Amino acid sequence: MLDIVNAVITNESPLVKLLGDFESSFVGYVYGMRFDQALVLTNDEFKKKVNGIPHNSFLVAAGFHPEKFNDSHHIDREVVLLRVLEPTSLPQDNDFVRTRIEHHQRRTVDEKFPGDVHDGLDPITAVELQAGGLRCSVLGTFFVDDDGHLRLGSDIENFMSLSRLRAFKPRAEALETIVNHVNPEVQKKAFEEALNAGFRSTPSPIHIGTVRYTSTARLHRGKDEAKVNVLIQPTDFLARRTAVLGMTRTGKSNTVKTTVSAVALAAMTDDTPIGQLIFDINGEYANANHQDDGSSIADVFPAQTVRYRAIETPGFEDLRSNFYADVDQALNLIQALFKQETSPFSGQDLDTFMTSTLEAPDVTERSDHNRWKVRKAIFQCILKKAEYPAPENFLISIPRGKALVEKINRWASAQTPPHEVRIPTADEVSLEEASAWFELLRFVNLKLRAEQKEEGKQVLGLESSTRGNAWVDPVMESYLNMLARENSREMQFGGYRAIGKYKNYHSSRRSAEITAEVIAHLDNGKIVILDLSAGPVEIRTILSERIARQIFERQMAAMHRGETPKNIVLYVEEAHNLIGKKADLTNTWPRVAKEGAKARIAFVYATQEPSSVHPNILANTENWFITHLNNDDELKTLGKFYDFGDFIGSLKAAQDVGFARIKTLSSPFVIPTQINRFSPDEIKQRIVAISAARGQ
């Protein structure tokens, strides 16, 4: 009866299950131990039974008898997780080498090729020569806590000089348990974060790929071996930083597409909006290509995806701003473009115009806000003069205060003969009528100033109030001179002609401000793709930064008000250009990467130059997906983080597409993984199943 009880306990023990089929998974004996390394004695016969022991493969070591677990001492009731690093020499290796050489020297001509199983050696010698040592890193210790939960510590608590440990190669279900293990406290935290993010419960894990140890995957991924799934937690990405690193064409974009799809499916399952914004530098997410089975994110999620492009294209929203509607962004873009070239136009008024701002002041600052409204209207008239297409039936508000009108009429009446002026009859007029009105105001202001100077009075021109404030301040004066193409000394200059060449950056068909529209889509859980591969290159930097800044400011403001910010994921290609190692951490992109997590902004950045990314950002990155890198400097940078140092040689040598080394927030160690290929048909089937389950 006792034997039966022991057998049941043994079979149910999660520690014994980690060994798998221990009769066939046994690979050797631990003969040396440190807190960070273990040495394993193995031989060729053991390796054959387990289809080889690849570089970077997992081993487990246990000091208990698998069939008598209940009889084991409590100090032995644990399983040490190891990673195979390299062969190591045995004390008798020199003797082994000498024996092999002597044996080969005695071979006859007929023995040039391998013979029987012992290859001409006696059985005892053959067995001895098969022995070899393996040096392994210690990744942690599995044990069962007092509540009966399987846990993984990230180190070892003790080791015996006379080691009782036997080594096993976990496969199939045992290996899947190991690579997908999440400690109870991490599961609890993920559950809490999922609830805070709006999920009803912890979303199902993402099947990201399968375990792959080496580029040569003939044995450990062959037909006789079950492929072991690698799962990651969706909550690992929410409000976290994720690095996708690797050379071009090694699977970075495939990894990002798989991640975008997984997050979208998790959001659909729980009917929880998660906005995803992709800054698509090369257009590979917005458009179908041969790498995606002729499909794209937009094709797979047509109802959830909104695409933008900086040229008019069917199926795309216009990424360009309407300069008449978004004057601040328009002026910023014009100024940036003007700085990038040598212009034939110059002058003090042009310099003032190119260094001014049209950012709206607080409405409570009435005086500043009114001046801004006037400058905004003059700027819109300048655009019209420069032949920027205006929206149909576009009207603008003009200053038409009673005191201003009376002063103009008094001046006109005092002229000899009286100067004829046309006062607009409405507060909102066409661009043509507004331009004429502003040019009249400029003309009267100059004449008044000339008269005041001649009479020895204080030179103010048109006054804004009885306090004697000049209505036309220096910035507004430059704007008016740009409109009239004439400076205050009544000498002509380029004026509005200096900005005429930038019309391609403006779209008159856009009605809403682009940034506000993008944010609204994200709030509704859409996948927004900014295709930056087409249209003016300058929009990449200027518009991308503006959108990112406003998202960041909106999220931070919500957090500071004590509200729960929306869930947003940002994906950025060529990230080293935005968050380079010399970037000021107070700039938009470094702030998004460094501080965005606390405001529920997940930041996924992809680059082939990890050493060029700001070290502060790398140090705070929670999730890592690394494929092939061929540069020692880049690999040296990665070797500083987690246990990526174990993979330096493999990362440099293996160029297989999608062969990644993954470290996520929930996992304490790196898992070598073959990333699943982005599969549109499979994803579409899941969308149909989710919709059916929700009764849609």
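## Helix 16 and its surroundings

The buried residues of helix 16 are Met 476, Glu 477, Ser 478, Tyr 479, Leu 480, Asn 481, Met 482 and Leu 483. Buried means under 20% relative accessible area, exposed means over 50%, and partly exposed lies in between (1.4 Å probe, protein chains only). Helix 16 spans residues 474–484. The helix is mostly covered, with eight of its eleven residues buried. Helices (H or I, at least four residues) and strands (E, at least two) are DSSP runs, numbered from the N terminus.

This is a predicted model: local features need pLDDT of at least 70, side-chain atom pairs count only at pLDDT 80 or more, and totals for chains, interfaces and linings use all residues. Residues are numbered from 1 along each chain as its sequence is written, and side-chain values use heavy atoms, with hydrogens and water left out.

What do the buried residues of helix 16 pack against? They pack against helix 11 (327–339), helix 12 (348–354), helix 13 and helix 15. Contact here means heavy atoms within 4.5 Å. Just after helix 16, Arg 485 takes a positive phi of about 55 degrees.

## Helix 13 against helix 16

Two packed helices are described by the angle between their axes and the distance between the axes. Helix 13 covers residues 366–385. Helix 13 and helix 16 pack at about 20 degrees, and their axes are 9 Å apart. Axes are lines fitted to C-alpha atoms, for helices over the stretch in contact, and angles run from 0 to 180 degrees between N-to-C directions. Helix 13 and helix 16 are therefore roughly parallel to each other. Angles under 35 degrees count as roughly parallel, over 145 as roughly antiparallel, 65 to 115 as roughly perpendicular, and the rest as oblique.

Helix 13 passes helix 16 in a left-handed crossing. A crossing is left-handed if the near helix is turned anticlockwise from the far one by less than a right angle, and right-handed if clockwise. On the helix 13 side, the contact residues are Arg 371, Val 374, Arg 375, Ile 378, Phe 379, Cys 381, Ile 382 and Lys 385. They meet Val 475, Met 476, Tyr 479, Leu 480, Met 482 and Leu 483 in helix 16. By class, this contact of helix 13 with helix 16 has eleven nonpolar, no polar and three charged residues. Ala, Val, Leu, Ile, Met, Phe, Trp, Tyr, Cys and Pro count as nonpolar, Asp, Glu, Lys and Arg as charged, and the others, Gly among them, as polar.

## Helix 15 against helix 16

Helix 15 (residues 431–454) also meets helix 16. The two axes come within 10 Å and cross at roughly 120 degrees. That makes helix 15 oblique to helix 16. Helix 15 passes helix 16 in a left-handed crossing.

Which residues make the contact? Helix 15 gives Ser 435, Phe 438, Glu 439, Arg 442 and Arg 449. Helix 16 gives Glu 477, Leu 480, Asn 481, Leu 483 and Ala 484. By class, the contact of helix 15 with helix 16 has four nonpolar, two polar and four charged residues.

Gln 276 sits in strand 11 (residues 274–280). Gln 276 is buried, with a relative accessible area of 1%. A polar atom of its side chain lies 3.2 Å from the backbone oxygen of Val 260. Beyond residues up to four places away in sequence, Gln 276 touches Val 260, Val 263, Ala 264, Leu 522, Lys 526, Ile 527, Val 528, Val 569 and Tyr 571. Gln 276 and Gly 525 are 249 residues apart in sequence, yet 7.2 Å apart in space, C-alpha to C-alpha.

Thr 210 lies in strand 8 (residues 206–211). At 9% relative accessibility, Thr 210 counts as buried. Its side chain makes a polar contact with the side chain of Arg 221 (2.9 Å). A polar contact is a pair of N or O atoms within 3.5 Å; within protein, one must be able to donate a hydrogen and the other to accept it, and residues adjacent in sequence count only if both atoms are side-chain atoms. Ser 57 is in the loop between helix 4 (44–49) and strand 3 (58–62). Ser 57 is buried, at 0% relative accessible area. The backbone oxygen of Pro 54 lies 2.7 Å from a polar atom of the Ser 57 side chain.

## Two alanines with positive phi

Ala 172 is in helix 7 (residues 172–179). Its phi is near 50 degrees, a positive value in a residue other than glycine. Ala 172 is partly exposed, with a relative accessible area of 35%.

Ala 239 is in the loop between strand 9 (229–232) and strand 10 (241–245). Its phi is near 60 degrees, also positive. Ala 239 is buried, with a relative accessible area of 11%.
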